[in-house]
Amino acid sequence: MADLGSNLQINSDRLWDSIHELAKIGPGVRGGSNRQTLTDADAQGRALFKSWCDAAGMTMGVDKLGNMFARREGEDPSLPPVYMGSHLDTQPTGGRYDGVLGVLGGLEVIRTLNDLNVKTRHPIVVVNWTNEEGTRFAPAMLASGVFAGVHDLDFAYARTDAEGKKFGEELERIGWKGEEPVGNRPMKAMFELHIEQGPILEAEGKDIGVVTHGQGLWWLQVTLTGKDAHTGSTPMAMRVNAGLGMARITELVHTIAMDHQPGAVGAIGHVEVYPNSRNVIPGKTVFTVDFRSPDQEKLDAMRARLEAEAPKIAADLGLGIEIEPTGHFDVVTFDPGCVSAVRKAAESLGYSHMDIISGAGHDACWIKKVAPTSMIMCPCVDGLSHNEDEEISQEWAAKGTNVLLRAVLETAEIVG
């Protein structure tokens, strides 16, 4: 690769201003963002992003799932493009940076190349993946999953939200259903810049996380069936308490994760209790166990142990039990060449860095199935994310985007 020189860095103020301009669309209640997928706010955010891409001279493609692909032409248009991007949708009480940094960081890379009249052999594409969060329409990373062949198009269109509205119908309603087939795009590579969503980089005082792997995941939905009964008049020995069963399985999940250290995690997040009345013993509970690990053997062992031991807990309490897998992806190993490009970029800029494993799922985890892929992470304050108090510094954002710039240029090949 040609010598990039110290002057080839992004415009930090422009990136920061763009992030906070987008945050005005779908604002949260205390400074964060609520731009859930396929809402009117999502549509407005997409329109603003497209206007910025148009102004940067890019051409926009949109596929049948609303994935947005903004292309800067290369000197040889026949070559497969280098992709960079993430997502613009947010949690209901999300921050300003989760996903957004990766998309607008990609846009800033293009703006910088335009400013400095830098040309590349390969085209470069900035992508906004639809429904990464999976909050309104499960599962997460839905559109990138269809792109990578994990799900099919009809499955995506049929997803429903809490009000019974279908993904496909809402995509049409907001006007972002394109005509391009999903997945019909050659890729030389993809890079995703993202905030860490964890505390490691900040605690270690590192500017950049070089993401080598992504954790595998099992989501297991557990249904316990007991007997509704009056809390005050039912003797303790005569209760069939689904809430007690859930409590004991919660402890089991924690024990399983602790027994598979280092690196394994587990918790119960989503919980439904029936009839959810203050003076009724729960007759039914439905809850989701989330196990994750960067070690496939550990990940599968945790699931197997839960499926072996949770039924014993239920039997001891007289409860019925069903355990159903509702989400899964294997441990991800990112492309060594892309990982090396990220590491070299950080080193060339003199940024402190460390190898890191992503604790969250990302679109790059699916795209890895169809193209060489890696991720770049920057710190976030206290590791807090999926929260309106999510915060990063302008310097962290700029350093992450500078690494993205150089990794993409190495892969897309500077001309001249």
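## Salt bridges

Asp-40, Arg-136, Asp-161, Glu-170 and Arg-173 are linked in a network of salt bridges, where a salt bridge is a side-chain nitrogen of Lys or Arg within 4 Å of a carboxyl oxygen of Asp or Glu. The model is a predicted one, in which local features need pLDDT of at least 70 and side-chain atom pairs count only at pLDDT 80 or more, whereas totals for chains, interfaces and linings use all residues. Residues are numbered from 1 along each chain as its sequence is written, and side-chain values use heavy atoms, with hydrogens and water left out.

Over the whole structure, the search finds 24 salt bridges. One of them joins the side chains of Glu-108 and Arg-14 at 2.8 Å, N to O, and this pair links distant parts of the chain, since Glu-108 belongs to helix H3 (residues 100-115) and Arg-14 to helix H1 (residues 12-22), 94 residues apart. Helices (H or I, at least four residues) and strands (E, at least two) are DSSP runs, numbered from the N terminus. Glu-108 is buried at a relative accessible area of 1%, while Arg-14, at 22%, counts as partly exposed; buried means under 20% relative accessible area, exposed over 50%, and partly exposed in between, with a 1.4 Å probe and protein chains only. The side chains of Arg-185 and Glu-180 meet in a salt bridge of 2.6 Å, N to O, and those of Asp-290 and Arg-292 in one of 2.9 Å, N to O, where both Asp-290 and Arg-292 are buried.

## Surface charge

A patch of negative charge on the surface gathers Asp-295, Glu-297, Asp-300 and Asp-330. Patches are made of residues with over 30% relative accessible area and no salt bridge, with like charges joined within 9 Å; Asp and Glu count as negative, and the place of a charge is taken as CG of Asp or CD of Glu. The accessible areas come from the Shrake-Rupley method with a 1.4 Å probe. Within this patch, Glu-297 is found in helix H9 (residues 296-316) and is exposed, with a relative accessible area of 67%.

## Hairpin and loop contact

Strand E1 (residues 59-62) and strand E2 (residues 68-72) pair in the antiparallel sense over four bridges, where two strands pair if DSSP finds at least two bridges between them. Met-60 has Ala-70 in E2 as its bridge partner. Five residues lie between the strands of this hairpin, in which Gly-66 takes a positive phi near 85°.

Asp-98 lies in the loop between strand E3 (82-86) and H3 and counts as buried at 5% relative accessibility. Although Asp-98 and Gln-197 are 99 residues apart in sequence, they are 8.0 Å apart in space, C-alpha to C-alpha.

## Backbone exceptions

Most residues other than glycine have a negative phi, and most peptide bonds are trans. Glu-413, which is not a glycine either, has a positive phi of about 70°; Glu-413 is found in the segment after helix H12 (394-412) and, at 26% relative accessibility, counts as partly exposed.

A cis peptide bond joins Gln-261 and Pro-262, with omega about 0°, and Pro-262 lies in the loop between helix H8 (242-259) and strand E9 (265-274). Another cis peptide bond joins Tyr-274 and Pro-275, with omega about 5°, and Pro-275 is found in the loop between E9 and strand E10 (280-281).

Notes: Patch = residues over 30% accessible without salt bridge, like charges linked within 9 Å, V, L, I, M, F, W, Y side chains within 5 Å.
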